[in-house]
Amino acid sequence: MSLTTEQVTEVLRTVIDPNTGKDLVSTRSARNVRVDGSNVSVEVELGYPGKSQFDLIRNLVTDAVRKVDSAANVSVAVSMKIVAHAVQRGVKLLPGVRNVIAVASGKGGVGKSTTAVNLALALAAEGARVGMLDADIYGPSLPMMLGISGRPESSDGQTMMPLEGHGLQANSIGFLIEQDNPMVWRGPMVTSALEQLLRQTNWSDLDYLIVDMPPGTGDIQLTLSQKVPVTGAVIVTTPQDIALLDARKGLKMFEKVGVPILGIVENMAVYCCPNCGHTEHIFGAGGAQKMSSEYHVDVLGSLPLNLSIREQADSGRPTVVADPDGQIADIYRR
């Protein structure tokens, strides 16, 4: 049996991308379908970073075509192209940056910075070009977490080059001040510094700029949500009631200024004793799921309370690079 281009296209309508839940034809992922006798070639272009998914997609297409013609010689080229998504109206875009993702929490101590840096590294591991901006002017942690030291260079005296660590472009007030120097600044100075870091850094062809937000809903958060083209926000919380109370405020703030909530990450969800294997919900259970139902946003994932996550971040080699094939790195990637 010899297939036609139309038949192959119809077959591709039945191939569902497990990451989007949609078929390859309606999303225009499948393109350049060619049939030459028993040779079938298809190009699939994913709209998200998914280097680890290429073999899976290739096999799904190959199996679907061979169900119709078992003798077909199927060639599937999988690639990805990350597009810029919509942002708030009237906000000036950032040169060299396609998407800005804010990682926020209502309160401190919930592991937001650790989550932000591991999400950035997970996106990079999946083939995206990623940058990180440390928006916590009072308590910058990015230099330590990425194991970077030094100062950004400037060739024109007006803009600066980001530093690099583990394949990420990065900038932080922590690169510009002494490590033990406190930032005793009022709100307007802080928001001015944030805008300078954001707009005077020469970000180079980024698919994603991950912004590690300071905790709370004050000046910096308002500046970012009103003046920066944010594609979406990720809210980090623990299951604890007091953390969820503040996480709700962060979520509502982004809703008010028209920034989509991409989802909730529940940190420190469960503790597993390394000696006996006993598990304990130290900070409570089901909090993120309850918040998800209440506000109709997804829970993107739950991370354990684990000593290695803290140790790896403190040593400048976060989990996704320190243990890329481990269970926790897999949670960040998913």
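Start with burial: colour the chain by accessibility, and 48% of the 334 residues count as buried (buried means under 20% relative accessible area, exposed over 50%, partly exposed in between, with a 1.4 Å probe and protein chains only). You're looking at a predicted model, where local features need pLDDT of at least 70, side-chain atom pairs count only at pLDDT 80 or more, and totals for chains, interfaces and linings use all residues. Residues are numbered from 1 along each chain as its sequence is written, and side-chain values use heavy atoms, with hydrogens and water left out.

**The whole chain**

Now switch to colouring by pLDDT, the predictor's confidence in each residue, from 0 to 100. The chain averages 90, and 100% of the residues score at least 70. Select helix α6 (residues 219–227) to see where confidence is lowest, at a mean of 78. Strand β10 (residues 206–212) has the highest, at 97.

In cartoon view there are 11 helices and 15 strands (helices, H or I with at least four residues, and strands, E with at least two, are DSSP runs numbered from the N terminus). The radius of gyration is 22 Å, close to the 20 Å that the globule rule gives for 334 residues, so the chain is as compact as a globular protein of that length (the radius is taken over C-alpha atoms, and the rule is 2.2 Å times the number of residues to the power 0.38). Along the principal axes, the C-alpha atoms fill a box of roughly 75 × 60 × 35 Å.

**Stop one: the three-stranded sheet**

Select β3, β4 and β5. They form an open sheet in the order β3-β4-β5, with mixed pairing (two strands pair if DSSP finds at least two bridges between them). β3 (30–36) and β5 (73–80) stand at the edges with a single partner strand each, so one side of each is left without a neighbour in the sheet. Neighbouring strands here are turned by 10 degrees against each other on average, direction ignored (axes are lines fitted to C-alpha atoms, for helices over the stretch in contact, and angles run from 0 to 180 degrees between N-to-C directions).

Zoom in on β4 (residues 39–46): eight bridges join it to β5, and the two run parallel. Click Val 42 and you'll find its bridge partner in β5, Val 76.

Next, bring in the helices. α1 (residues 5–12) lies across β3 and β4, at about 140 degrees to β3 (contact means heavy atoms within 4.5 Å). α2 (residues 54–68) lies across β4 and β5, at about 150 degrees to β5.

Most residues other than glycine have a negative phi. Asn 32 is partly exposed, with a relative accessible area of 39%.

**Stop two: the eight-stranded sheet**

Here the order is β8-β9-β7-β10-β6-β11-β12-β15, in an open sheet with mixed pairing. The edge strands, β8 (163–165) and β15, each pair on one side only. From one strand to the next, the twist averages 25 degrees.

Select β11 (residues 232–237): six of its six residues are buried. Gly 232, Val 234 and Val 236 lie on one side, with Ala 233, Ile 235 and Thr 237 on the other. What flanks this strand? β6 (residues 97–104) is joined to β11 by four bridges and runs parallel to it, while five bridges join β11 to β12, also in parallel. Follow Ile 235 in both directions: Ala 104 stands opposite it, and Ile 264 is its bridge partner in β12.

α7 (residues 241–256) lies across β6, β11 and β12, at about 175 degrees to β11. α5 (residues 187–199) lies across β7, β9 and β10, at about 165 degrees to β7.

Go to the loop between β12 (261–266) and β13 (271–272) for Met 268. Its phi is positive, near 55 degrees, and Met 268 is buried, with a relative accessible area of 17%.

Finally, click Ser 302 in strand β15 (residues 299–302). At 33% relative accessibility, Ser 302 counts as partly exposed. Which residues does Ser 302 touch, not counting those up to four places away in sequence? Glu 266, Ala 269 and Ile 331. The C-alpha atoms of Ser 302 and Glu 266 are separated by 4.6 Å, though the two are 36 residues apart along the chain.
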